Amino acid sequence: VEGFYDQLLLNSRPYHKSYYQNWYGKLVYSEVRADVQVRYSYPIGNFRPFLGIGFSNSLIFNNTSSQKIIDAATNTTIRQQLSGSNSYMSAYRPGGLGVVGLVWRRWSVEGRYERTDKVLNAPGSSGTMTNLYALVGFRF
C-alpha cells in the first residue's frame, strides 16, 4: 500500500468560440491517492527484479478549476468557475496499474503504468487518464 498527495494544474490552449470570443480553461485540483499492489520478485544474486499489478484509488478535493472568456468586440474579460466542474468532477477515480522494477541492496528502480477513470463525467467527455512514472527509492 502506498499513499501520495498530488496537485494538478492544466491550462488549455485558446478555443475560438467565435470571431470575437476566445475561451481558456484551467483545471486545478488536489488529490490524495492510495495504491494497492501485489508484487512477484525473483532473487538473482544481489538483484531482485519484480513485476506487479494493482489498483489505484484517487480522491479529489480542493477543486478551483476556472474558465476565462475574452470578448474582443466589447473588450471584456469574464472569469468564472469552470462550467459544471463541481457537479461533473469525479470525487473518486479508481484505476489499475502495472509495475516493473529492480531492487539492488537498499536501492530500487521502478517503472509504473497507470490508467484511471476519467476526471470529468460531463456528457461528451471520454478521456481516461494515463500516467507513466519512473521511481527511484532508497531504504533506510
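Guide: A polar contact is a pair of N or O atoms within 3.5 Å, where, within protein, one must be able to donate a hydrogen and the other to accept it, and where residues adjacent in sequence count only if both atoms are side-chain atoms. Here the side chains of Glu-114 and Arg-33 are joined by such a contact, at 3.1 Å. Before we go on, please keep in mind that this is a predicted model, in which local features need pLDDT of at least 70, side-chain atom pairs count only at pLDDT 80 or more, and totals for chains, interfaces and linings use all residues. Residues are numbered from 1 along each chain as its sequence is written, and side-chain values use heavy atoms, with hydrogens and water left out.

Visitor: Is Glu-114 buried or exposed, and in which strand is Glu-114 found?

Guide: Buried means under 20% relative accessible area, exposed means over 50%, and partly exposed is in between, using a 1.4 Å probe and protein chains only. Glu-114 has 1% relative accessibility and therefore counts as buried. Strands are DSSP runs of at least two residues (E) and helices are runs of at least four (H or I), both numbered from the N terminus; Glu-114 belongs to strand E8, residues 107-116.

Visitor: Which residues is Glu-114 in contact with, leaving aside its neighbours within four places in sequence?

Guide: Contact means heavy atoms within 4.5 Å. With those neighbours left aside, the partners of Glu-114 include Arg-33, Asp-35, Ser-56, Met-129 and Asn-131. At 19% relative accessibility, Asn-131 counts as buried. Met-129 is also found in strand E9, but at 21% it counts as partly exposed, and 8.1 Å separates its C-alpha from that of Glu-114.

Visitor: Where is Arg-93 placed, and which residue does its side chain join in a polar contact?

Guide: Arg-93 sits in strand E7, residues 92-104, and its side chain makes a polar contact of 2.7 Å with that of Thr-116. Arg-93 is buried, with a relative accessible area of 3%. Apart from residues within four places in sequence, Arg-93 is in contact with a list of residues that includes Tyr-29, Glu-31, Ser-58, Thr-116 and Met-129. Met-129, read from its own side, touches Tyr-29, Arg-93 and Thr-116 among others, again not counting residues up to four places away.

Visitor: What should I look for in the backbone angles, and what is the phi of Asn-62?

Guide: Most residues other than glycine have a negative phi. Asn-62, although not a glycine, has a positive phi of about 55°; Asn-62 is found in the loop between strand E4 (47-61) and strand E5 (66-71), and is partly exposed at 46% relative accessible area. Asn-75 likewise has a positive phi of about 55° without being a glycine. Asn-75 lies in the loop between E5 and strand E6 (76-81), where at 71% relative accessibility Asn-75 counts as exposed.

Visitor: How many helices and strands does the whole chain have, and how spread out is the chain?

Guide: The secondary structure comes to one helix and nine strands, and along the sequence these follow the pattern β-β-β-β-β-β-α-β-β-β. The radius of gyration, taken over C-alpha atoms, is compared with a globule rule of 2.2 Å times the number of residues to the power 0.38. For this chain of 140 residues the radius is 20 Å, well over the 14 Å of the rule, so the chain is more spread out than a compact globule. Taken along the principal axes, its C-alpha atoms fill a box of roughly 70 × 25 × 25 Å.

Visitor: What percentage of the residues count as buried, and what share of the contacts links residues 24 or more positions apart?

Guide: Of the 140 residues, 26% count as buried. Among contacts in the chain with a separation of 6 or more, 57% are between residues 24 or more positions apart.
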